[in-house]
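Subject: Structure for you to look at

Hello,

Here is the structure I said I would pass on. My notes on what was found in it follow below.

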Amino acid sequence: MRVVLLGPPGAGKGTQAQFIAGRLAVPAISTGDIFRANVSGQTELGLKAKVFMDAGDLVPDEVTVAMVKDRLAEPDAKAGFLLDGFPRTIAQAEQLAESLADLGHGLDRVLELVVEEEELVRRLSGRRMLVDGQMVQRDDDKPETVRHRLEVYREQTAPLSGFYERVGLLSQIDAIGSVEEVTARALHALGVDPEDPDTSAAPADA
């Protein structure tokens with residue numbers, strides 16, 4: 001099964017990606033991991049990306065998409081994958097569809113984790129980290145910064161919901177509740193029985 005996981009900052013994508021992918025027995029693939037692997041491995045694409053990253057610029061879509069396509073062509077992803085953090089824009093979604101078509105595949109389902117904005121602000125602004133023996137708040141977790149991050153998400157990434165809904169791939173998942181409850185909802189949307197470890201993962205109806 002080939003799945004894309006969408007959701008705003010604080011929705012729990014990273015956690016759910018690991019749980020859902022583990023249940024489906026496919027790799028959870030994040031763009032962060034892909035970037036780090038290419039840069040540290042000094043691949044041709046990694047060197048191209050590093051030039052932009054070092055300058056503080058966004059890596060162009062064509063470089064990002066090429067790295068994602070290379071990763072999806074690796075042996076462990078041939079039976080399926082869960083993409084976390086990509087695509088971020090409709091342009092990237094269109095290029096992803098083209099890349100998968102080149103590999104002879106298509107997406108089975110797009111899951112969107114849905115959480116109200118005030119809950120996201122509460123979650124993110126409540127995070128603390130230990131520094132020199134004291135619990136402190138990161139600058140990017142301050143309420144005003146969190147709201148800006150969510151605004152950027154709404155402008156750039158949220159339109160993907162409509163894009164994938166129009167092609168019949170979108171399932172929206174209520175992401176309020178325990179990790180296990182949210183995972184169960186996601187698996188149900190994928191046509192997988194959360195209680196039956198032997199249930200095969202078949203694409204769910206739109």
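A residue is called buried when its relative accessible area is under 20%, exposed when that area is over 50%, and partly exposed in between. By that rule, buried residues make up 40% of the 206 residues in the chain. Please keep in mind that this is a predicted model.

Overall shape and make-up

The chain has nine helices and seven strands. Its radius of gyration is 18 Å, which agrees with the value near 17 Å that a compact globule of 206 residues would have. Along the principal axes, the C-alpha atoms fill a box of roughly 45 × 45 × 35 Å. Of the contacts between residues at least 6 apart in sequence, 69% join residues at least 24 apart.

The accessible surface of the chain is about 11,000 Å², and carbon and sulfur atoms account for 51% of that. As for charge, there are 22 positive and 35 negative side chains, with the centres of the two sets 3 Å apart.

Strand β1

V4 sits in strand β1, which covers residues 2-6. Its relative accessibility is 0%, so V4 counts as buried. Once neighbours within four places in sequence are set aside, the residues in contact with V4 are L83, F86, P87, L96, L107, R109, V110 and L111. V4 also has D84 at 6.4 Å, C-alpha to C-alpha, although the two are 80 residues apart in sequence.

The cis peptide bond

Two of the contacts of V4, F86 and P87, are themselves joined by a cis peptide bond, with omega about 0°. P87 belongs to the loop between β3 (81-84) and α5. For context, most peptide bonds are trans.

Helix α5

This helix spans residues 90-102 and includes S99. S99 has a relative accessible area of 9% and is therefore buried. Apart from neighbours within four places in sequence, S99 is in contact with V65 and K69.

L100 is also in helix α5. With a relative accessible area of 2%, L100 is buried. Not counting residues up to four places away in sequence, L100 touches L72, F81, H105, G106 and L107. L107 is also one of the contacts of V4. The C-alpha atoms of L100 and R2 are separated by 9.9 Å, and these residues are 98 apart along the chain.

A91 is another residue of helix α5. At 36% relative accessibility, A91 falls between the 20% and 50% cut-offs and so counts as partly exposed. A91 and A28 are 63 residues apart in sequence, and their C-alpha atoms are 22 Å apart in space.

Helix α9

E180 lies in helix α9, residues 179-189. Its relative accessibility of 56% is over the 50% cut-off, so E180 counts as exposed. From E180 to L100 the separation is 80 residues along the chain and 30 Å between C-alpha atoms. V4 and D84 are likewise 80 residues apart in sequence, at 6.4 Å.

Positive phi angles

Which residues other than glycine have a positive phi? A25 is one of them, with phi near 60°, and Q42 is another, with phi of about 50°. Most residues other than glycine have a negative phi. A25 is in the loop between α1 (13-24) and β2 (28-30), while Q42 is in the loop between α2 (31-40) and α3 (44-54). A25 has a relative accessible area of 68% and is exposed. Q42 is exposed as well, with 57%.

The aromatic pair

How many aromatic pairs does the structure hold? There is one. The ring centres of F163 and Y164 are 5.1 Å apart and the planes stand at 75°, so the pair is edge-to-face; the cut-off for that class is over 60 degrees. Both F163 and Y164 are buried.

Points to check on screen

- The cis bond between F86 and P87.
- The positive phi of A25 and of Q42.
- The contacts of V4, including L96 and L111.
- The edge-to-face rings of F163 and Y164.

Regards

How values were computed
Residues numbered from 1 in each chain as written. Predicted model: local features only at pLDDT ≥ 70, side-chain atom pairs only at ≥ 80, totals over all residues. Heavy atoms only, no water. Phe/Tyr/Trp six-rings, centres within 6.5 Å; stacked < 30°, edge-to-face > 60°. Buried < 20%, exposed > 50% of the residue type's maximum accessible area, 1.4 Å probe, protein only. Helix = DSSP H or I, 4+ residues; strand = E, 2+ residues; numbered from the N terminus. Rg over C-alpha atoms; globule rule 2.2 N^0.38 Å. Contact = heavy atoms within 4.5 Å. Areas by Shrake-Rupley, 256 points an atom, 1.4 Å probe, with all protein chains shown as cover. Lys, Arg positive; Asp, Glu negative; His and termini not counted. Charge placed at Lys NZ, Arg CZ, Asp CG, Glu CD.
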